[in-house]
Amino acid sequence: MLYSMTGFGKSEQIFDNQKVSVQIKTLNSKQNDLFTRLPSAYKSSDIKIRTLISEQLHRGKMEVNLHVEQLGSEQFKVINHEALKH
């Protein structure tokens, strides 16, 4: 558990040709005020991400930014038209 309510942290990792960057900023506040900025592909996981963060950070004004960057060429999937017909 973190004890200071004011801080800044950033981390980057590479997973499967994607560079994932997470940046967290916190300010002193009596309430738990959490703001998340996620790519549209991860909006469905917003509640799960908020829950994970709230388990570790109990109070303060928090801003969490998640950025995912595709590295290299993106491979396109081939549609199996026979399977699609069935």
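Which handedness does the β-α-β unit of strand 3, helix 1 and strand 4 have? The model is a predicted one, in which local features need pLDDT of at least 70 and side-chain atom pairs count only at pLDDT 80 or more, while totals for chains, interfaces and linings use all residues. Residues are numbered from 1 along each chain as its sequence is written, and side-chain values use heavy atoms, with hydrogens and water left out.

Select strand 3 (residues 32–37), helix 1 (residues 46–56) and strand 4 (residues 60–70): the unit they make is left-handed. Helices (H or I, at least four residues) and strands (E, at least two) are DSSP runs, numbered from the N terminus. A crossover is right-handed if, with the strands pointing away from the viewer, the path from the first strand over the helix to the second runs clockwise.

Keep strands 3 and 4 on screen. They run parallel and are joined by six bridges; two strands pair if DSSP finds at least two bridges between them.

Next, select strand 1 (7–15) and strand 2 (18–27). These strands run antiparallel, with nine bridges between them. Ser 11 has Val 22 in strand 2 as its bridge partner.

Finish at the two residues between the strands of this hairpin.
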